[in-house]
Each structure stands twice: as C-alpha cells, then as structure tokens.
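Biologist: Hello! I am new to this structure and would like to understand the words used for it. Could you take me through them?

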Amino acid sequence: MEKYYLTTAIDYVNGAPHIGHAYEKILTDIIAKHYSQRCDDVFFLTGTDEHGIKIQKTAAAQGKTPKELCDENSQKFKEAWKALDIDYTKFIRTTDDYHEKAVQHIFKKLYEQGDIYKHSYEGLYCSGCECFLNPKDLTEDGLCPDHLKKPEVVSEENYFFKLTKYKDAIIKHIKEHPDFILPEFRANEVLHQLEEIQDISVSRAKSNVQWGIDVLGDEDQSIYVWIDALSNYITAIGYNTENASDDFKKYWPVDVHVIGKDILKFHSIYWPAFLMALDLPLPKHIFAHGWITIDETKMSKSLGNVVSPTSVLENFNMEHPDAFRYYMASSAPCGRDGNYSDEDFKEKVNAHLANSMGNLLNRTLSMLVKYFDGEVKAEFKAENPLGKKALGTVQIVKNHFDNFEIAEAAQEIISLVDATNKYVQDNAPWTLAKEEKMVECGQVLTNVLDIMCIIASLIYPYCPNIAKDMARQLSFDLSTKLDDLTADNIKVGKLIEKEDIKPVFLRLDSELADKSAKK
C-alpha cells in the first residue's frame, strides 16, 4: 500500500460542532491512524463548508458578515478536533481562495463542454438539505422528511448540470463494484434513487443567494453548493482544470469518503457524475455511517439535547480524549445508528479500558516487579500459547478496517484482552510463585506482556495516549507496522521499576456534572 487518502464530509458552519460531527471525525481519524500502521503515506482531509443561504441568514440574524461567522465557527471546529486528537493532514475551507478559483474553472469547463446549461425552473427548495425536493419525497404534511420543515417554492433561472446523462454509467459502476458504497445495503437505496433522477441546479440567482462563489462570465449567478462543496476533495490536493498537481496525481482517486448517511445521495450520485464529466477516476469507497442519538433521542436544538464533544471531556474531567474516542467509535455497528449516554459511556469505558485492559497490564507488570525485580530473564522466553490468537486478531482487525467495521474491530481487540485475562486466571502466576515454580511464573508473565504489546498497537488508533503509555511501560516501539508484529516483543533484561508502573486509564468514578450546567 503506497498511499491512503481519506476524507470526511466538510461541516456546515452555521453552528458549533456537536457530538454527531465528532463521531464522523473520530471514525475517520481512527481509520487514518490504523492505515498509518500499514503504509507510510496517509493523507487525511477535513474542513468546513462555508457558502450558501443558511450562512447568509444566520450571519444576518447575528449582526455579522458571512465571512465573520465563517471565521468564528470554522475556528470552533478546529479547536474541537484538536481537543479530540483528530490529526488531519489538511483542513480546507470553501472560502479559501485557491478552492474558489478551482471551483470557478471546474464550473466553466463543464459549461463549455455542454454538461451545464441555463434553464428557468420552479421547484420546492429545502434550505436545510441545500437542494430541490420532489413532491413525492415530502411527508404527508408536505414537509422535508429530514428537517421537518416546509420547503419554499423557488422560481429562478439557474444553471443545471446534466445528471441524467451519467445515470446509466453510475448504475453500471455501482453494480460492477459492490464495495463502492459501504455498507452494501446502502447501495440499494442509491440505485432506487437513481431510477427517477433528474438534472440538478448548480447555481442560484444572486438576488436570492449572495453568499457564494461567482459564476465566471455571469455576475447574476452564484455557484450552488454541491459543485462547490464536493469539489473540495480534489481542490484540496491540487486539482485544477489546466494541469493536475503532483499531490493530485499521487493521491487521487480517494480511498474512502467517510460521510453521514443523510448526504449519501450527493456523494454517490452527484459526485460520481461530476467526476465522470471531468474525466476523473471515481472514489474507491464511499462509507456512509449512521447517526448518533442522545439517550435514544434524536439530537434537536428545540429539545435542548445537543451535546458538545468537548463538554463530555470537561464533565468527566478527562486529561485526554481516549475514552470518548473509544466509546464513540464502538457505539454502533458498521453503518448503523448509535447512541450516547453519560451512564453507558462511564460503564463501558470503565469495563473495557480500566478494568480489563489497564488492570491486566498493571497487575502483570506489578507481579514482574514483585517476583523478579522487573527483569525478564532469558529462560522466560518460550512458545507463547496466545501468540497464534493474537496475530490472528491482527489480521481480523485489518479485515474489519478494510470494510470500515470500526466498532467490530474494537470488539475483536477487547476479545483478545479478555482471552489474555483468562490466560492469567487459568495459569495463576501468583500460585506458581508460591509453589516456587519461578521459571513457569516468569514465562506466563512474559507471555502476557508480549501480547500486551500487540494490544497496545491495535488499540492505538482508538486510544493513542493510552497506547503510548502502555508502549512506554513495555519498552515497545509503537511505530512497528502491523505486518511486522510478532508474538515476541519483550526484550530480555530489566523492563521496569516499581515507581514507573502507572495506571494507563483511571476509572471514571467521579460524580456526573449537574445536568443543567450542560445547557
């Protein structure tokens, strides 16, 4: 694997980041960190979507210019991702000058080759979706099914993209590449949507939407969101219509777009059509994750249950975000909806990270110090009965990541932790020491520590700080690639002093912050 390029959706900046935004970024960061353990060149793109009528209206309501609102809220997203240890390679803003210029030239190219045409149109427009809706797609009350608001009737002369021209080619691609849209059950939804697809508006009249990228040669029109927003995936790595940059040649096609299920249509129909029109390769994978509810209730400003990701870290007084990252990533099976609750969060991370994994390392190292002064002797090195299972787990985890089954991979890692705990209980090194079977005792402890190195490596994408603490106490090189892992990781000699043994994760036993304080 020479390179791995992955992206998140770019977040709309008419509000601050919430736990749903965080879920996607955490998943993508975990995927990025995993693939950094398999190849040397990982490019992780995220950013913010900053044009459109919602920004224009929100800014006006707050007495700000659209750019002021974008600057303010884009920074909030950056700060949130820093707090969550999201290590993106690049953060794109659609107000970046290079992006705006590239989008203008993409639009111009598509127009000049006949893929974009001007057309008068009247339709039902949902500002929440940033798209026109079919009457048959509305609820019985005539509302947008996603935003539960009545779309407005818009009558304009706009530019339209010939989406129908690429319909058959997109259907063919989806059917010939069953892993193009993941999880696979989402592909059927897209194929159903393609049955009645129509050409789409790709501009808005300046009289209605001022805050957008100008159409070159037509001062009365703004480029509409989808050509603008979706093109970030190629403009960020240097695409332009004249000649592609070295980075673009190196990284495109993208390995995976990680997106929410609500914008799958735009990524799996509109975006492939734009790419086909530009004569560019299609993405290798589009992974659509589910939504996160709060205490089994959909997040809503009106309900007052929108949770800020950083507020969770503050409420539990966490020095680093590992527990939150682990919980969010393991909260939902591949592509399904998940749920966050304070109680479940506390219970799950205490069980998995403190009681099972952290305690296993702590007590094993403590026994090594107690019985052998922290030294691993040559005679402790023997065939490890856990080795085959541990290295098998590495392959299973890799397979899960290849299918973007992030929660399922986490379950496999914890299963290996559980198997290692069982091995300790079954072999009772404390009993072996009491019976003065010191070589056997040392072998058991060394076997466990060898497996803990593998566990540290596997848990690293989820819990980078915990993994680093584990690796430090094990004198293990965490930069070891997954394919280079063995079941023989602990070096013969002095491993650790008593004072250097530290819990890698403390239980979350503090009282929950007052609920009213959250709001």
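Modeller: Gladly. A cavity is a set of grid points where a 1.4 Å probe fits but cannot get out, and its lining residues have an atom within 4 Å of a point. Please keep in mind that this is a predicted model.

Biologist: How many cavities of 30 Å³ or more does a search of the whole structure find?

Modeller: The search finds two. The largest cavity has a volume of about 90 Å³.

Biologist: Which residues line the largest cavity, and which of them lie nearest its centre?

Modeller: The lining is made of 13 residues, and Gly52, Val209, Ile223, Tyr224 and Val225 lie nearest the centre. At least two lining residues come from β12 (218-223), and at least two from α7 (225-230).

Biologist: What makes β3 a mostly covered strand?

Modeller: Seven of the eight residues of β3 (residues 42-49) are buried. Buried means under 20% relative accessible area, so that is the mark these seven fall below.

Biologist: How do you know which strands pair with β3?

Modeller: Two strands pair if there are at least two bridges between them. Strand β1 (residues 4-8) has four parallel bridges to β3, with Leu6 opposite Phe44. Strand β2 (residues 11-12) is joined to β3 by two bridges, also in parallel, and there Asp11 has Thr48 as its bridge partner. Strand β4 (residues 90-93) has four parallel bridges to β3, with Lys90 opposite Leu45.

Biologist: Why do β6 and β9 count as the edges of their sheet?

Modeller: That open sheet has four strands in the order β6-β5-β7-β9, with antiparallel pairing. β6 (131-133) and β9 (200-201) each have a single partner strand, so one side of each has no neighbour in the sheet. Three antiparallel bridges join β5 (residues 116-126) to β6, and Cys126 stands opposite Cys131. Helix α10 packs on this sheet, touching β6, β7 (152-161) and β9, and its direction makes about 30 degrees with that of β7.

Biologist: Which peptide bonds are cis?

Modeller: One joins Leu182 and Pro183, with omega about -5 degrees, and Pro183 sits in the loop between β8 and α6. Another joins Trp252 and Pro253, with omega about 10 degrees; Pro253 is in the loop between α9 (246-251) and β13 (256-260).

Biologist: What is the phi of Asp85 and of Ser475?

Modeller: Asp85 has a positive phi of about 55 degrees and lies in the loop between α3 (66-83) and β4. Ser475 has a positive phi of about 50 degrees, in the loop between α18 (464-474) and β18 (493-494). Neither Asp85 nor Ser475 is a glycine, and most residues other than glycine have a negative phi.

Biologist: Why is Ser475 called partly exposed?

Modeller: Its relative accessible area is 43%. Buried means under 20% and exposed means over 50%, so Ser475, in between, is partly exposed.

Key:
Residues numbered from 1 in each chain as written. Predicted model: local features only at pLDDT ≥ 70, side-chain atom pairs only at ≥ 80, totals over all residues. Heavy atoms only, no water. Buried < 20%, exposed > 50% of the residue type's maximum accessible area, 1.4 Å probe, protein only. Contact = heavy atoms within 4.5 Å. Axes fitted to C-alpha atoms, helices over the stretch in contact; angles between N-to-C directions. 1 Å grid on protein atoms, 1.4 Å probe; cavity = no way out; pocket = protein on both sides within 12 Å on 5 of 7 lines; lining within 4 Å. Points joined across faces, edges and corners; volume = space filled by probe spheres on them.
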